[in-house]
Amino acid sequence: MVYRLAKKDKRIYFIGSDLGYGTLSRFEKEMPERFLKEGVSEAYIIAMAAGLALEGKIVYINTIATFLTRRCFEQIVIDLALHKAKVRLIGSGGGLVYAPLGPTHLAIEDIAIMRAIPNMTVIACADAKEMEKMMPQTVDWPGPIYIRLAKGNDQIVSRGSFRIGKVYQYAQGKDVLLVTTGITLQLAMEARKKLERKKISVGILHVPTLKPLDKKTILKIFKSYRAIISIEEHSLTGGLGSSMAEIISEADFADRKFFRRLALPDEFPAGYGSQKEQLVKNNITAGDIVQTAVKLVK
Amino acid sequence: MLAQAGRGHLASAFSITEILLVLYNHILKYRPNNPEWPNRDRFILSKGQGCLSYYAILAEKGFFPKEKLTSFCQAETFLGGHPEHAIPGVEISTGSLGHGLAVGIGMALAAKRDKKHHRVFVLIGDGESNEGSVWEAALYAAKHRLDNLIVLVDYNKMQSWGATKEIVDLEPFADKWLSFGFAVRETDGHDKRQIYSQLKRLPFKKNKPGLLICHTVKGKGIKMTENNPEWHHRRDLKGEIMQNLYQGLEDYR
């Protein structure tokens, strides 16, 4: 994807931080001047990318999500965000993707810390199709962007058009609204099928852009539901659920809303296994959504 | 500036005054009436706490009116305790240490790729060189063969808490930079002629980033501020203390 964008736009640079052998080899071969093969030096890479961006380049950086956010946090805040540098941070393995590699490699607070930075844009796509529609828009988007990647080869569930900063209604219902970001859209769609069988009418609101947040539309949609459940592959602290809670608590709804967050507990995940096994262990599955919804609408 | 604000990193500024004077009087290419002129040499004051001298020189050169200087650190000013990129003539915001060198590498690399001839100067501190990010960046300046990058080190051998030798000794300092692939030179950082003669012909060596160690005295120019860690940063600049400073400056002349 970055290859295709770079082919069309000479301002685009790519920086990899000690990636796997052969990554983007076509880019490297055809545009070596704009392909920077750097080492395990995230702080340097972010600041250096800021220097390139201040000279008019648009820089895409890829490495493992947690190293791209935590390791170089101050460089992101000061060198990128303060200067509105057009640098795109593409974090591989957001959430629990690197479960077999343990807690050093998990990115379960990335959305929280990126969301706290002024001028930052935060995106988590549901699948490759949504990514494909999103990426061309990153070229001219102002300021830095954090893009949280999923595992890859995730089930394609997204549809329709895509604009950065917009939220998408995948279903309209009456009883409960499921709010998703990233791959939890597929969990919500699965849960909806099960809930409809139980005669519970379910809406789905997909929030791929976590910052800037389309609060106006979210509020409008929230109004027509009594129960709202947010689902995310992220810590309870500071992610999708937190941002929805912020909106709900300041909304002064005339009626009472019932709100629950399905997210990872505020602790380091124990054990290893696969991403899916960790999601099951932490009660972030379609079944858990169904259970939570049933209890809420009773 | 100090009298109005009552505070500031005076000693950090005094140790770089001559370096900045040589750069802005003789070395850097710039246009004060067009600070964004694409062919300008880029200058980054990575040790942002040295901004008092920097602001004075930028104002002297006409980047902004001198009257603005007295607004230093006031609520509505653009001249804060560390320089911001919104100030005409300032490339990037600094203050948190250890950022400027890597950003400068990005700028120098962009110039190389675009086949442009301007140069990038980054002034760092010795205390700043405690930051791992300085050495992380240093690893890459030689890799990219950035002979359009000149790093100036304000080596006053003092940091906020005391002598660098006591906090963490940087020696052998020149050897460290040499081994990272820099072309290294040293100068008396208060002798303008010497600084100029080192910088008049660049690069130091083709295909290598240059590094000039400037041996300086923190708080240079006033007896009570020289090599005195109490003067790294002060918030009590009024009354008698200011009078003593003014007197000290008179004596230096």
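This is a predicted model: local features need pLDDT of at least 70, side-chain atom pairs count only at pLDDT 80 or more; totals for chains, interfaces and linings use all residues.

Guide: Lys192(B) sits in helix α9 of chain B, which covers residues 192–199. Beyond the neighbours within four places in sequence, Lys192(B) is in contact with Glu18(B), Leu21(B) and Val22(B). Leu20(B) is 172 residues away from Lys192(B) in sequence, yet the two C-alpha atoms are 9.6 Å apart in space.

The stretch that holds these contacts leads on to another helix of chain B. Helix α3 of chain B spans 17–27, and with α2 (10–14) and β1 (42–45) of chain B it is packed against by the buried residues of α4(B). Those buried residues are Cys51(B), Leu52(B), Ser53(B), Tyr54(B), Tyr55(B), Leu58(B) and Ala59(B). An α-helix has 3.6 residues a turn, so residues three or four places apart point the same way. After α4(B) comes Gly62(B), which has a positive phi, near 95°.

Chain B also meets chain A. The contact between the chains involves 20 residues of chain A and 19 residues of chain B. On the chain A side, α3 (42–54) and α5 (73–81) are the elements that each give two or more residues. The most comes from α3(A), with 9 residues. Sorted by class, this side of chain A has 10 nonpolar, 4 polar and 6 charged residues.

Within chain A, the domain assignment gives domain 1 (2–148) and domain 2 (168–297). An unreviewed UniProt entry places the feature "domain: Transketolase-like pyrimidine-binding" at residues 1–156 of chain A. That span is 37% helix and 20% strand, and its end C-alpha atoms lie 17 Å apart.

The centres of domain 1 and domain 2 of chain A, taken over C-alpha atoms, are separated by 27 Å. Contacts between these domains involve 23 residues of domain 1 of chain A and 28 residues of domain 2 of chain A. On the domain 1 side, α6 (110–115) and β5 (121–124) of chain A each supply at least two residues. The largest share, 4 residues, comes from β5(A). By class, the residues of this side of domain 1 of chain A divide into 15 nonpolar, 4 polar and 4 charged.

Strand β5(A) pairs in the parallel sense with β6(A), residues 145–148, over 4 bridges. There Ala124(A) has Arg148(A) of β6(A) as its bridge partner. Together with helix α7 of chain A (residues 128–138), β5(A) and β6(A) make a right-handed β-α-β unit. Strand β5(A) also pairs with β10 of chain A (residues 209–211), in the antiparallel sense and over 2 bridges. In this pairing, Val122(A) stands opposite Lys211(A) in β10(A).

Terms used:
Residues are numbered from 1 along each chain as its sequence is written. Chains are lettered from A and ligands numbered from 1 in the order in which they are written. UniProt positions are given in the numbering used here, feature names are shortened, and annotations may be inferred rather than shown by experiment. Two residues are in contact if their C-beta atoms, placed from the backbone, lie within 7 Å. Ala, Val, Leu, Ile, Met, Phe, Trp, Tyr, Cys and Pro count as nonpolar, Asp, Glu, Lys and Arg as charged, and the others, Gly among them, as polar. Domain bounds come from an automatic or database domain assignment. Two strands pair if DSSP finds at least two bridges between them. A crossover is right-handed if, with the strands pointing away from the viewer, the path from the first strand over the helix to the second runs clockwise. A residue is buried if 20 or more other C-beta atoms lie within 10 Å of its own, exposed if 12 or fewer, and partly exposed in between; C-beta atoms are placed from the backbone.
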